[in-house]
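This report walks through a few local features of the chain shown below. Please keep the sequence and the 3D view at hand while reading.

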Amino acid sequence: MIPHKLGYALAKYWPVGEPSGIKIVNDDFDVNKRKASNCIMSTSYLDDHYLDSEMPIQVICSSPYQSHKRYKLAMLPSTVDGTGSESVDLVFNVEEESDSRDYQVFQKINNWTDSRLQGFTIQVGFGVGTEFETLAEHGVDMADLNISVPNDIWDARQLAMFSAGLFGPVDKHTGETGFFDKDTRAGFFIDQYIDPDSTVDPDDLPDLVHTVLYATTTLGSNYANLFGPWLPNTMLPWGIFFDDDNNPTTDADLLAWYDGSNWLRGVASNFSPFSDDEIIEMSNNLAYTTAVIDDLVNVGLNYNVSVGDISLFPDYNADKQSATFTIRITPTRSADNSEPDFVGVAPSPALIFTNSDAEVELQPLEVFYEGELLTARIGDADLNTDPAVAESVIVRISTDSGLSDDLTLIEQGLNRGVFAAVLPDQYLDVIAGTTVTLTYSDISEAEEKTSSSTAEAAGVLAFEATAYTVMEDDG
């Protein structure tokens with residue numbers, strides 16, 4: 001019996017994904033040959049092919065980096081309150097096959113427990129809650145159900161990690177070092193597991209080691225120095241972010257964090273403070289947003305689950321040739337549950353647009369190329385009526401060729417007073433020479449304000465001549 005809710009499975013919402021949850025992909029043979037061609041992942045769609053596009057395309061195992069492959073499992077306070085079953089159980093249906101099948105798991109676990117954590121375990125077995133049972137209790141061989149972290153795919157520092165954008169050396173995908181630590185990734189070592197190629201007899205090991213990943217030892221980064229043990233989402237610092245790609249739906253670039261007294265830069269600038277004037281200047285720029293730095297609670301996991309002969313699984317159905325198994329995630333509460341200095345402290349100065357004379361921007365300003373993303377932004381203090389809610393405003397978008405629609409802009413952080421949204425595809429794909437206009441009615445100023453941008457044809461790069469002749473010694 002499960003006494004209360006223990007967790008949430010989260011992924012991207014429409015139009016990036018729908019329904020927001022977990023899916024299974026089989027036989028994606030475009031993955032790296034060392035990795036499994038099957039995966040357990042989020043229900044997401046590729047950039048430029050979201051559900052609101054003309055051609056939605058689902059994310060699969062081999063999809064590119066940062067294509068929203070990882071689903072999030074949020075562990076709730078009931079997983080550490082000591083009142084009963086303290087694990088989140090994910091149950092998967094499997095059908096009988098002649099061979100075993102390996103699945104790469106694209107997952108994050110989020111600390112929503114209201115408590116600091118010192119680690120976690122991940123285990124495979126059967127059933128849920130207090131009815132959960134191990135492989136040994138049913139005589140199931142670990143060859144037919146196991147969890148592993150093959151060292152020919154991942155090294156010891158790639159198994160349970162916080163965001164590379166926050167901690168660690170230059171990331172090959174972004175070309176940047178971590179904001180809080182430029183040398184060491186943050187996360188956990190996996191302390192106990194059996195390598196698939198190990199010659200050790202599992203019978204010589206403690207019970208369940210071969211079906212459990214056990215993480216309590218941290219990677220030794222700046223995370224512990226700055227924040228202590230793994231933070232819950234109720235103990236997060238505020239951050240200031242810059243929309244570096246003109247797209248409010250993607251992750252913005254972290255520029256500052258609040259330590260309870262000052263807005264600070266990152267480790268590359270030795271955590272030097274911003275002046276009040278600098279924060280006020282950011283407040284008046286519509287490309288800056290504010291939010292808590294929620295990636296400090298998210299640990300990305302890399303591991304495989306292998307399923308073989310399911311005929312010995314406890315709920316095997318011979319008629320349907322199917323059964324189920326469970327992946328169990330259990331957090332380990334930290335003895336230190338102290339709150340950081342910044343908890344409950346309102347940042348000063350706050351990143352708030354304070355001008356009632358609205359600012360209206362359609363970006364890129366004045367000119368955009370055919371197919372280039374267009375973003376509508378409004379800054380107006382009059383729209384910021386509730387500092388505890390991310391509010392919205394409806395504006396008008398139109399073209400001189402006859403298109404016209406209402407567009408809902410969302411506030412870019414609680415109490416920000418700045419609102420933004422990406423324009424629909426039909427406004428990005430207009431022909432060269434078409435002017436797109438954003439119109440906003442500023443009630444306090446009793447006027448309509450507009451911002452326009454005109455499409456230009458995408459440039460074509462070419463040489464002036466088809467061939468050139470030079471002397472080799474000319475250099």
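Two strands are said to pair if DSSP finds at least two bridges between them. Strands themselves (E, at least two residues), like helices (H or I, at least four), are DSSP runs numbered from the N terminus.

## Basis of the report

The model is a predicted one, in which local features need pLDDT of at least 70 and side-chain atom pairs count only at pLDDT 80 or more, while totals for chains, interfaces and linings use all residues. Residues are numbered from 1 along each chain as its sequence is written, and side-chain values use heavy atoms, with hydrogens and water left out.

Four strands form an open sheet with antiparallel pairing, and their order is 14-13-12-15. At the edges stand strand 14 (263-264) and strand 15 (288-292); each has a single partner strand, so one side of each is left without a neighbour in the sheet.

The partner of strand 14 is strand 13 (residues 253-258), and the two run antiparallel to each other over two bridges.

## Cis peptide bonds

The bond leading from E18 into P19 is cis, with omega near -10°, and P19 belongs to strand 2 (residues 17-25). A cis peptide bond also links Q363 to P364, with omega near 0°; P364 is placed in the loop between strand 18 (359-363) and strand 19 (366-369).

## The loop between strands 3 and 4

Q66 is in the loop that runs between strand 3 (38-44) and strand 4 (71-75), and has a positive phi of about 60° although it is not a glycine. Its relative accessibility is 53%, so Q66 counts as exposed (over 50%, whereas buried means under 20% and partly exposed lies in between, with a 1.4 Å probe and protein chains only).

S67 lies in the loop between strand 3 and strand 4 as well, but with 5% relative accessibility S67 counts as buried. Its side chain reaches the backbone oxygen of P64 at 2.5 Å. Apart from neighbours within four places in sequence, S67 is in contact (heavy atoms within 4.5 Å) with S44, L46 and V59.

## The loop between strands 6 and 7

D114, in the loop between strand 6 (101-111) and strand 7 (117-125), is a residue other than glycine with a positive phi, near 70°. Because its relative accessibility is 37%, D114 counts as partly exposed.

Methods: A polar contact is a pair of N or O atoms within 3.5 Å; within protein, one must be able to donate a hydrogen and the other to accept it, and residues adjacent in sequence count only if both atoms are side-chain atoms.
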